[in-house]
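Please read them with the model open.

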Amino acid sequence: MSKSQFVIGVDYGSDSVRSVIVNALNGEEIASSVYEYPRWRDGLFCQPAVNQFRQHPQDYIDGLEATIKDCIAQAGTAAAAAVKGISIDTTGSTPVAVDRSGTPLALTPGFENNPNAMFVLWKDHTAVKEAAEINAHAALFDTNYLQYVGGIYSSEWFWAKLLHVLRIDEKVRDAAASWVEHCDWVPFLLTGGNDVTTMKRGRCSAGHKALWAEEFGGLPPDDFFSSLDPVLKGFTHKLFKDTYTADVAAGTISAEWAQRLGLSTDVVVGTGAFDAHMGAVGGQIEPYHLSKVMGTSTCDILVAPAAEMQDKLVHGICGQVNGSVIPGMTGLEAGQSAFGDTYAWFKNIISWPVNNLLSQSKVIDAATAAALKAELSELIIPELSRQAALLPVDGPNELAVDWFNGRRTPDANQELKGAITGLSLGSDAPRVFRALAEATCFGAKSIVERFISEGIPVKGIIGIGGVAKKSPFVMQMMADVLDMPIRIHQFKHTCALGAAMFAAVVAGIYPTIEEAMQAMGRGFDEQYHPNADLKDIYSKRYNQYKNLGEFVAGQVSKTAELQNI
Ligand SMILES: Nc1ncnc2c1ncn2[C@@H]1O[C@H](COP(=O)(O)OP(=O)(O)O)[C@@H](O)[C@H]1O
Ligand SMILES: O=C(CO)[C@@H](O)[C@@H](O)COP(=O)(O)O
């Protein structure tokens, strides 16, 4: 055991955090543990009706401690002694206002229950107005500060969220010494940081969401922001100039955290990055292959050698950043704001009587009702999938667009809405579910098409994330719609594995992330091949989807115009 070299990867998802202990020599999983955020699960600090989704920092701290301790309990204390590095990935853009010590305001007196002092989760769309203002404002400048983020700024991103919160909450505005991404805060916490000016900011979050670019020499000038709203005056100075790729150490673990977790004080902590970017590494991404993390949402990552990108700018995606995934390569990000969430929405709709009326039943007792509810919750999507797979693909089918949480890519527009058409009295749950699944696959196709039309070939698809693992139905449909094979990565917690690979690099076990990927990559266990017989049918239905999308987008903008009159 003394020769063993273990690393820890921590992956913060939307609903839960998972940690893995991995053997750095071959990527074998030694232990894993998942923790659901309790405050989030109870819906605290969120208002779905107005797209407000906030997460309390204490959920993140408790989850970090619980999952790592649980992993160590499974692996044993000798394994704990062999841990050399920890790296972290998180969702994003998920920023928070912090004080001078880098502490999220929600952890300071007076702000404990203030949602504006908490992390603004990636899917929070309260800043739609601010994003629109940033877009209009950017058009006034000679330098196109949006050129590396696909030309359109999104309400899911850093500056829109920061501006929104500063405008609506004077107390947070006065107390905020800086704003920090979740993926930068956790390494800072673990390394015992207490001065926000010393926090190492990740290249990935800064480049994809905060408008940082090597070409600009950092963030856009302060004047760009202060001329948009004086509330932003001086803010760039409160943020950062330099950024670090995830193969660079953030520091070593603090004595306090080493003791709290039962680890050695020599453990090196890596600079953080987003889940999909580290997930792409865990899933053994190759140049021009699209790694799709398919879960609540999708986040799609493609890497291209920086030298081959030259002056190519891909319009309508979520950014292209040198080193955001692999140093020396340009990382290109796209995605869908709702993927599995679309299925979850439909499940909730059809579960309404179960969720709301069973408790009033005079036929079954409360415990049985709760057990039945839990049982059905597990069965609904798999059974809908089974029945939907039996339906004919062609014919007068229901047709949907997938913008239930707005559209992330191509061409971010969070005001768009989902739609289901072609309904008849024969439209039952499996038929509608099929249309929704198909719409999510069409949304994926429109992303692939955008890359290709902008001169970036897509040579292969790698599937990771919950839906990729759980749904052969959706994955087969995706292969058919894209008319491309999809390889599903073997490792269950692929993003955490990617983080563990970065941990192996910062701990000095491998000199580069490519070498860590080579040694620790666990390969693929499933492959879905497109069915040639369905190619023409899906191509026809995809055109219908695009037409329907245009119609829906037209209706949404007409409604907005009418509301503004
Ligand atoms: N059998 C299934 N088929 C298709 N989708 C599923 C299935 N089971 C769960 N999902 C979807 O998976 C999503 C969660 O994905 P997961 O990767 O586990 O989480 P996260 O996105 O938070 O990391 C949910 O939106 C849910 O609707
Ligand atoms: O958008 C990004 C990264 O840019 C993701 O963090 C976001 O899609 C979160 O996805 P998950 O909910 O973890 O599947």
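1. Start with a loop. Asn51 sits in the loop between α1 (38–41) and β4 (54–55). Its phi is near 60°, a positive value in a residue other than glycine. Helix and strand labels here are DSSP runs, numbered from the N terminus: helices are H or I with at least four residues, strands are E with at least two.

2. A word on the basis. This is a predicted model, in which local features need pLDDT of at least 70 and side-chain atom pairs count only at pLDDT 80 or more, while totals for chains, interfaces and linings use all residues. Residues are numbered from 1 along each chain as its sequence is written, and chains are lettered from A and ligands numbered from 1 in the order in which they are written.

3. Two cis peptide bonds deserve a look. One joins Gly92 and Ser93, with omega about 0°. Ser93 is in the loop between β5 (83–90) and β6 (95–98). Another joins Thr409 and Pro410, with omega about -10°. Pro410 belongs to the loop between β16 (399–401) and β17 (419–421).

4. Ligand 2 has 15 residues around it. The closest are Gly13, Ser14, Thr91, Gly295 and Thr296. By class, the shell around ligand 2 has five nonpolar, eight polar and two charged residues. α12 (275–282) and β15 (329–336) each give at least two residues to that shell.

5. On annotation, an unreviewed UniProt entry places "domain: Carbohydrate kinase FGGY C-terminal" at residues 292–505. UniProt positions follow the numbering used here, feature names are shortened, and annotations may be inferred rather than shown by experiment. In the model, the end C-alpha atoms of residues 292–505 lie 24 Å apart. The span is 45% helix and 17% strand.

6. How do the helices α17 and α19 pack, and at what angle? Helix α17 (residues 429–453) meets helix α19 (residues 472–482) at about 45°, with axes 9 Å apart. That makes α17 oblique to α19. Axes are lines fitted to C-alpha atoms, for helices over the stretch in contact, and angles run from 0 to 180 degrees between N-to-C directions. Under 35 degrees is roughly parallel, over 145 roughly antiparallel, 65 to 115 roughly perpendicular, and the rest oblique.

7. One further pair. Helix α4 (residues 128–138) and helix α5 (residues 158–168) have axes that come within 8 Å and cross at roughly 120°. α4 is therefore oblique to α5.

Technical notes: A residue is near a molecule or strand if its C-beta atom, placed from the backbone, lies within 6 Å of it. Ala, Val, Leu, Ile, Met, Phe, Trp, Tyr, Cys and Pro count as nonpolar, Asp, Glu, Lys and Arg as charged, and the others, Gly among them, as polar.
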